[in-house]
Amino acid sequence: MIVAMQDHATEEHIQRVIERMVELGFNVHRTTGAAQTILAGVGTPEHFDVAEFKVLAGVHDAYRISSPYKLAGRSFRPEGTKVKFPNGVVVGGNEIVIMAGPCSVESREQILTSAKQVKAAGAQFLRGGAYKPRSSPYSFQGMGVEGLKLLREVADETGLLVITEVMEISQIEVMLPYIDCFQIGARNMQNFNLLRELGHVRKPCLLKRGIAATIEEVLLSAEYILSGGNYDLILCERGIRTYETYTRNTMDISAIPVLKKLTHLPVFGDPSHGVGIRDLVPPMALASVAAGADGLLMEMHPNPDKAMSDGAQSLYPEQLEKLVAQLRQLAPIVGRKIA
Ligand code: PEP
Ligand code: MN
């Protein structure tokens, strides 16, 4: 941490800041110029809040120079994390992994047709919510356990893996036998109790960025899961809320290379929630892969016009097929390939 004192700060103020830094465990190095004193705190105390220093008497400003996330930081595992799934699917390796399917599981026929179409397009995972976080309590809330059973059944029938959203702690045990990856939705990115609990589970998780979350907040949420001992974690950019209203969210493509630089965890793009408009999904999917994404999470519905949720952003099956063919051509340009 660096503390810059105000010009001509009194010796008493300077000493008070030094005392507090030492108390926290910093080794303090003092540099005094003609007017200003700079205090450099070396060391990494477990708990300190830079904001506390910003408001001490005589302080001009204080900055943190070490990252507040230790386990999620790239330096913890410079080679990158590979998340291994059944069927030999690896996320974070050379191959781009595709997870696709409807927003929600609606019926046996709908999810079976989806699974066949997703498989034919070349995806490795079937997605579909059984527990749905809906903005309105009157909207379809998902099929619950019945939906989980259907996901497992049709995924096994078609040779796919299952990713689906967990909304609360009580659902974790229920979901375990049916799924291959927990999806933590944007609205739950800062449900810290849920994150802690998922840290104790030995099943991969995909953590989505919250609608108003900074990149640092995403990494601190990841830290909750990692610190419980669950290292099988994937991050996912899914659009953030900005002043733009044309698209449902603003897909922050830049977050992908930024995250790849800051963390060893694999990073996905979800262009469906990122833009919310079907025809804009393929270009944003291509952009995500070009920007370094390790995979994509996308919505596709056999009949999007009749979907019970997120129909407007769900690809038609033939659109998904065409997109995967384009991704196959793009991937080698960025040194990757489509599984
Ligand atoms: C979803 O994947 O259908 C979903 C609800 O996503 P998000 O949490 O990103 O809104
Ligand atoms: Mn959705």
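A: Happy to! Keep in mind that this is a predicted model. Let's begin with the largest nonpolar core, which has 68 residues. F182, L233, L235, M298 and L320 are the members that touch the most others.

Q: Which helix gives the most to this core?

A: That's helix 7, residues 215-226, which supplies six residues.

Q: Back to F182, what is it in contact with, leaving aside neighbours within four places in sequence?

A: Quite a list! Among its contacts are T164, V166, I172, M175 and L176. Others include L198, V201, K203, P204, C205 and L206.

Q: And what lies apart from that core?

A: Another core, made of 16 residues, including V3, M5, L24 and F26.

Q: Switching topic: what does the domain assignment give for the protein chain?

A: Domain 1 covers 2-66, and domain 2 covers 83-338. The C-alpha centres of these two domains are 43 Å apart.

Q: Where do E299 and D310 sit?

A: E299 is in strand 14 (residues 295-299), while D310 is in the loop between strand 14 and helix 11 (317-330). The two are eleven residues apart.

Q: Is E299 buried or exposed, and why?

A: E299 counts as buried because its relative accessibility is 0%, and the cut-off for buried is under 20%.

Notes: Residues numbered from 1 in each chain as written. Chains lettered and ligands numbered in written order. Predicted model: local features only at pLDDT ≥ 70, side-chain atom pairs only at ≥ 80, totals over all residues. Heavy atoms only, no water. Helix = DSSP H or I, 4+ residues; strand = E, 2+ residues; numbered from the N terminus. Buried < 20%, exposed > 50% of the residue type's maximum accessible area, 1.4 Å probe, protein only. Domains from an automatic or database assignment. Core = buried A, V, L, I, M, F, W, Y, C linked by side-chain atoms within 4.5 Å. Contact = heavy atoms within 4.5 Å.
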